Amino acid sequence: MFYNLKESLEKPALYTKSKEAFWDDEYISKQMLKAHLDPDVSGASRKLSFIEQSVSWIKEKIPAQTYPELLDIGCGPGIYAEKIALENYQVTGVDFSKRSIDYAKKSAQQHGLANTYYYQDYLAMDLKQSFDLATLIYCDYGALSTKDRQTLLHNIYQHLKQGGKLLLDVFSQKFYQQFQEEQKWENCENGGF
Ligand SMILES: C[S@@+](CC[C@H](N)C(=O)[O-])C[C@H]1O[C@@H](n2cnc3c(N)ncnc32)[C@H](O)[C@@H]1O
């Protein structure tokens, strides 16, 4: 595919959506899955040690005994979903990457887990089921426009039981203040990400 270099370097207005598929793009989704599955890289999922600490935190603060049915929104290939299921939650995951959902389904089957996964856009999700707890992990919320945030929160609300909880994982103020924007160039002989 030919890209206009000058156009590609222009900074888009905040929250401008790509006209092309991103999460479902053949090349991007393949590299994304690779990044998800690397326990030492915090590109697509966080590093494994952090994920394990997070799952311990979730089971302590929002226990499965009180919140058994959990919906993981933007679940990727089910890295969190599987660890959460091992803590006795009944887990349903939703993601808009077909490759990740296919991987998650296969992996759950291989590990004997009863996780359910749906290939759906969380901005239009309709699962006809309600949950005790919803999670949105790894800062997706911050990438959404104000309008999309409203849509997503409305959709989540529609999928929660009365008294249900939403666990929203966002970057902290401190992280934001220390964040430096940059543009980098690399020559990737074998294809990069
Ligand atoms: C940063 S990754 C985090 C994945 C997972 N929560 C984790 O931490 O391992 C964001 C995920 O959200 C999914 N996603 C992005 N936009 C989505 C949408 N509109 N509907 C459903 N999933 C979406 C992507 O496919 C990707 O798997």
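**Ligand shell and cysteines**

Cys-188 is partly exposed, with a relative accessible area of 36%. Buried denotes under 20% relative accessible area, exposed over 50%, and partly exposed in between (1.4 Å probe, protein chains only). Cys-139, in contrast, is buried, at 10%. The model is predicted; local features need pLDDT of at least 70, side-chain atom pairs count only at pLDDT 80 or more, and totals for chains, interfaces and linings use all residues. Residues are numbered from 1 along each chain as its sequence is written, and side-chain values use heavy atoms, with hydrogens and water left out.

The whole structure was searched for disulfides (pairs of cysteine sulfur atoms within 2.5 Å). The search found 0. For Cys-139, the closest cysteine sulfur belongs to Cys-75. The two sulfurs are 16 Å apart, so they are too far from each other for a bond.

The ligand is surrounded by 17 residues, each with a heavy atom within 4 Å of it. The closest are Ser-45, Gly-74, Asp-95, Asp-121 and Tyr-122. By class, the shell comprises 8 nonpolar, 6 polar and 3 charged residues. Here Ala, Val, Leu, Ile, Met, Phe, Trp, Tyr, Cys and Pro count as nonpolar, Asp, Glu, Lys and Arg as charged, and the others, Gly among them, as polar.

An N or O atom in the Asp-95 side chain lies 2.6 Å from a ligand oxygen. A polar backbone atom of Tyr-122 is 2.7 Å from a ligand nitrogen. Trp-23 places a polar side-chain atom 3.2 Å from a nitrogen atom of the ligand. The protein covers 94% of the 590 Å² of accessible area that the ligand has on its own (Shrake-Rupley method, 1.4 Å probe).

Key: Polar contact = N/O pair within 3.5 Å; in protein donor to acceptor, adjacent residues only side chain to side chain.
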